[in-house]
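Please examine the sequence and the structure below. The paragraphs that follow move from the chain as a whole to one residue within it.

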Amino acid sequence: MKSLYCIGLLTVSNIFMTLAWYGHLQLKNYPFIAKLSLFGIVMLSWGLAFFEYVFQVPANRIGSNETGGPFSLFELKTIQEAVSLTVFTLITVYFFKTDKLAWNHLVGFAFMVIAVFFIFKKW
């Protein structure tokens with residue numbers, strides 16, 4: 001059950017992360033956002049990033065085998081990257097609608113799945 005909580009919290013965290021890192025690039029059609037200085041955009045992104053950490057820190061504490069969870073640090077990082085890439089792709093394709101998913105993206109994702117296999121395989 002801790003693994004599901006961990007992955008769920010990481011997913012929510014990555015939604016905020018993606019919006020903090022890339023969302024401001026998509027809000028240029030909103031006059032208030034478009035008028036913000038770079039400092040204002042940084043402050044807006046930091047505000048969103050706060051919520052990223054609100055979910056990310058508990059996810060890592062729940063998931064880490066050092067605090068009673070099921071995952072090693074390498075496994076946590078691998079899950080985080082896989083979740084991050086999945087969330088980013090879904091938001092970019094379906095919410096931002098700025099890019100299309102191409103064959104080379106799918107090949108890259110397949111390599112990520114292979115990486116996950118090797119990280120989690122107990123040799």
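**From the whole chain to one residue**

Read from the N terminus, the elements of the chain follow the order α-α-α-α-α. The model shown here is predicted. In it, the chain contains five helices and zero strands.

Consider next the overall dimensions. Along its principal axes, the C-alpha trace of the chain extends over about 55 × 35 × 20 Å. The contacts in the chain can be sorted by separation in sequence: among those between residues at least 6 apart, 70% join residues at least 24 apart.

The surface may be considered in turn. The chain has an accessible surface of about 8,500 Å², and carbon and sulfur atoms account for 73% of that area. Of the 123 residues of the chain, 26% count as buried. As for charge, the chain carries 9 positive and 5 negative side chains; the centres of these two sets are 7 Å apart.

Gln80 belongs to helix H4, which comprises residues 73–96. Is Gln80 buried or exposed? Its relative accessible area is 16%. A residue counts as buried when this value is under 20%, and therefore Gln80 is classed as buried. Which residues is Gln80 in contact with, once its neighbours within four places in sequence are left aside? They are Leu10 and Asn14.

Technical notes: Residues are numbered from 1 along each chain as its sequence is written. This is a predicted model: local features need pLDDT of at least 70, side-chain atom pairs count only at pLDDT 80 or more; totals for chains, interfaces and linings use all residues. Side-chain values use heavy atoms; hydrogens and water are left out. Helices (H or I, at least four residues) and strands (E, at least two) are DSSP runs, numbered from the N terminus. Buried means under 20% relative accessible area, exposed over 50%, partly exposed in between (1.4 Å probe, protein chains only). Contact means heavy atoms within 4.5 Å. Accessible areas come from the Shrake-Rupley method with a 1.4 Å probe; for residues, only the protein chains shown count as cover. Lys and Arg count as positive and Asp and Glu as negative; His and the chain ends are not counted. The place of a charge is taken as NZ of Lys, CZ of Arg, CG of Asp or CD of Glu.
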